[in-house]
Amino acid sequence: MSRKACFFASVLIFLTGAFTMLSAASVDHSKFAELNRNFSKPEELTSACLKCHNNAGTDIMKTNHWLWTRKTDKMPGKEGQMLEVGKKNIINNFCIAVASNEPRCTSCHIGYGWKDGNFDFTNQNKIDCIVCHDTTGTYEKFPTGAGYPADKDTVFPENQKLYKKPDYKFIAHNVGRPNRQTCGSCHFYGGGGNAVKHGALDKSLLDPAKEIDIHMSKDGGGMTCVDCHVADRHDIKGQLFSVSVENKDRLSCERCHTRNPHTQTLFVENQPDRTYDIFKNRLYMREKPEENFTSRVLDKHTERIACQSCHIKFYSTKHKTKVWWDWSKAGQKTPVGKPKVVKDQDGDPIYDGKKGEFRLAKNAVPEYYWFNGTVDHILVGDKIDPDKRPVQINRIAGECGGSDSKIWPFKVIRGKQMFDPENKTLVVPKLFGPKGSGAYWSDWDWTKSAEIGMKAAGVPYSGKFDWIETEMHWPLTHLVVSKENALSCNDCHSRNGRLAGLPACWIPGRDRSLVFDIFGILLIAGSFAGVTVHGALRYQAAKKRKED
Amino acid sequence: MSKKVYMYKRFERFWHWAQAALIFFLAFTGFEVHGSYRVLGFERAVVLHNYAGFTLITLIAFAIFWHFTTGEWRHYIPTTDKLREMMLYYFKGIFQGERKPVGKSQKVKLNPLQRLTYVGYKVAIVPLMVSTGVIYYYVAHGDIHLRSVKYIAIFHALGAFLLIAFTIIHVYMTTTGHSLTSHIKAMITGWDEVEDEDITE
């Protein structure tokens, strides 16, 4: 064979191989008899799925996507005590807590019908497979349906959007790996709308520019959520510390980028999981960075500083996120009795009679704290210390020099919410429900809302309430940008830079010893004054001698 | 009467001025790293400071070699002989137009006060700056791992303050020669004016 033919043959072989690996579907679901029928209820489809995927049900039921909790015995202050901690039983300062508000909150649960405290977490037919595995983009859960999609075409009054009854057969024929849309359908919309909650997860990630997210951009890595968030039997790696406690099961940049990311290229060999294939096929082309003093300095920074701290320059780069939520201001209505709504110049709400007052942030500068992967949370019913304000809803552990402690960027959401001044607990209000249910959004009575909410949460309530300021910390880890768009040294190594106020061992350019600096300045000033006086006296004396 | 003598050899002058320039540059970049001002940007200040620092260390190494091979180091042997008189001179005699109690010659370039100062510079400030500087450098990017670079940074800055104070007084002292600029001229050309008696001494 000629050399040219050889070349084309090898290119062809390579392309065929690459194509086979990328088009991974070895199964055509539309050919299965089980799926070639009409499904009237989503549970019927689930039961069809489970006939073949006969371990998936038990696997799913162990995951936090299903349970909304994780088992832990490492909760700070309660070490050794086995607890279940998660969305299900923590308090936040957005819509406060799940209890009594299930049908609304659980519209993002991967199940069907978690409408109150009696949901059966062992019924496998209640698993919603397609919310994650739909690839058609046609499947949507109804916002107040306790996880169910619309059972007939329905308009949701709040946003006037039509929710269609899903075509289960069509969806079933087109299931696949989770994609940006499926993950995003919940994770982009936490807190009741796009970008509200996380600050670094919003619909801009569906098709971000390189400057928004280097990994997910078409012009960057072109990666999807599950390229990093790999799963082992449906247990998806990664955890969010607004709801998690322990330093485990975390994803890390180092997994691919090595511990010396500024001088090394990506790991591509010996990766025992799926990322290996992805990187081998698509991303291993990253050039080896130049090794010099600066790149080695940056590598050394990774011992104390999370990659995210420099590589997330701003959060909420495209869509505004809530950074302040004052529930105490809720209650104002329009003359016709509708909740009053005030919008800013971009049309984003800054006041809602049902929810209170908001402050929104875009292109916001994160706050920085030491973080070692352990977080303390206020669980429903936990005592608070009302004298220590603002109340810390979750406490980020870590300190300079502490093991695993690194400086991390955070979105901090502040606000005012209800507490019970006698029992010293944060109140779980019933917000969502029909008229007459005691829900604040229908009946506008905080006392009733608190009573019913607390009863559903199983927490004693004194009948009194007051407002208290709270803070909640959300570590930022998405919207990562490349070095061109990352922080520069000056951003932190300055007297009033981004890390001003962070209790840190020593940051050159930010820190100084005031005693030594004052001593030094006095020394210099003294020397200068000394030689000036000496010189002047010499001049005088010389002049006098001349005259004499 | 005074006479011209070749006081400072070529390497000595080169060493002196190169050291001066490097110290000025190190102070300028160093205090930017210290956070006193923002001119070059932190990163550039650090990188340039490193280059200048290692250049100075190289120069110091050559200077040490030169001092020992030429025997010039003997000029720096500290002495208390006439130290009091020399100090008294700067506080009193200089105003009365008196002559310096200790003259200058090729054999004895430095008076007791200078010896003490320069020995202090050579055995205290330079080692302080070089050691803290090198440690700082390897903490920043290499294999020295400290919980905090705090005390390294503080003592490096302390040395910088001392050096600046030294420089101010040093420059002022150049005006106490035969004329206001004769010492500086000497350090540039090598030729210094000395008293006749001193040479014959």
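Q: Which residues is A:I91 in contact with, leaving aside its neighbours within four places in sequence?
A: In this predicted model, A:I91 is in contact with A:I96, A:A97, A:I378, A:V380, A:I393 and A:L426, leaving aside neighbours within four places in sequence.

Q: What makes a set of residues a nonpolar core, and which residues have the most contacts inside the largest one?
A: The members must be buried residues of the listed nonpolar kinds, joined through C-beta atoms within 7 Å. The largest nonpolar core has 73 residues, and those with the most contacts inside it are A:I91, A:A97, A:V427, A:V428 and A:A457. Elements of chain A that give two or more residues to this core are β11 (367-371), β15 (406-420), α14 (440-443), α15 (446-457) and β17 (466-475). The largest share, six residues, comes from β15(A). A second, separate core has 16 residues, including A:I60, A:Y139, A:Y168 and A:I171.

Q: Why is A:W68 called buried?
A: A residue is buried if 20 or more other C-beta atoms lie within 10 Å of its own. A:W68 has 24 C-beta neighbours inside 10 Å, so A:W68 counts as buried. Its place is in the loop between α4 (64-67) and β1 (70-72) of chain A.

Q: How do you know whether A:A195 is buried or exposed?
A: A:A195 has 27 other C-beta atoms within 10 Å. The cut-off for buried is 20 or more, so A:A195 is buried. A:A195 lies in the loop between α8 (180-187) and α9 (225-228) of chain A.

Q: What is noted about phi at A:W68 and at A:A195?
A: A:W68 has a positive phi of about 60° although it is not a glycine. A:A195 is not a glycine either, and has a positive phi of about 70°. Most residues other than glycine have a negative phi.

Q: Which peptide bond is cis, and where does its proline lie?
A: The bond from A:R389 to A:P390 is cis, with omega near -5°. A:P390 lies in the loop between β12 (375-377) and β13 (391-392) of chain A. Most peptide bonds are trans.

Q: Why is B:R13 called partly exposed?
A: Buried needs 20 or more C-beta atoms within 10 Å, exposed needs 12 or fewer, and partly exposed is in between. B:R13 has 16, so B:R13 is partly exposed. B:R13 lies in helix α1 of chain B.

Q: Which residues does B:R13 touch, not counting those up to four places away in sequence?
A: B:R13 touches B:Y8, B:M187, B:I188 and B:G190. B:R13 and B:I188 are 175 residues apart along the chain, and their C-alpha atoms are separated by 6.6 Å.

Q: Why is α1(B) called roughly antiparallel to α2(B)?
A: Helix α1 (residues 10-34) and helix α2 (residues 42-70) of chain B pack at an angle of about 155°, with their axes 9 Å apart. Angles over 145 degrees count as roughly antiparallel, so α1(B) is roughly antiparallel to α2(B). Their crossing is left-handed.

Q: Which classes of residue make up the contact of α1(B) with α2(B)?
A: By class, the contact has 16 nonpolar, six polar and one charged residues. Among those that meet are B:F11, B:W15 and B:L22 in α1(B), and B:F42, B:L56 and B:W66 in α2(B).

Q: How many residues does each chain bring to the contact between chain A and chain B?
A: The contact takes 31 residues from chain A and 29 residues from chain B. On the side of chain A, α17(A) gives the most, with 12 residues. The residues of that side divide into 13 nonpolar, 11 polar and seven charged.

Methods. Residues are numbered from 1 along each chain as its sequence is written. Chains are lettered from A and ligands numbered from 1 in the order in which they are written. This is a predicted model: local features need pLDDT of at least 70, side-chain atom pairs count only at pLDDT 80 or more; totals for chains, interfaces and linings use all residues. Two residues are in contact if their C-beta atoms, placed from the backbone, lie within 7 Å. Helices (H or I, at least four residues) and strands (E, at least two) are DSSP runs, numbered from the N terminus. Ala, Val, Leu, Ile, Met, Phe, Trp, Tyr, Cys and Pro count as nonpolar, Asp, Glu, Lys and Arg as charged, and the others, Gly among them, as polar. Axes are lines fitted to C-alpha atoms, for helices over the stretch in contact, and angles run from 0 to 180 degrees between N-to-C directions. Angles under 35 degrees count as roughly parallel, over 145 as roughly antiparallel, 65 to 115 as roughly perpendicular and the rest as oblique. A crossing is left-handed if the near helix is turned anticlockwise from the far one by less than a right angle, and right-handed if clockwise.
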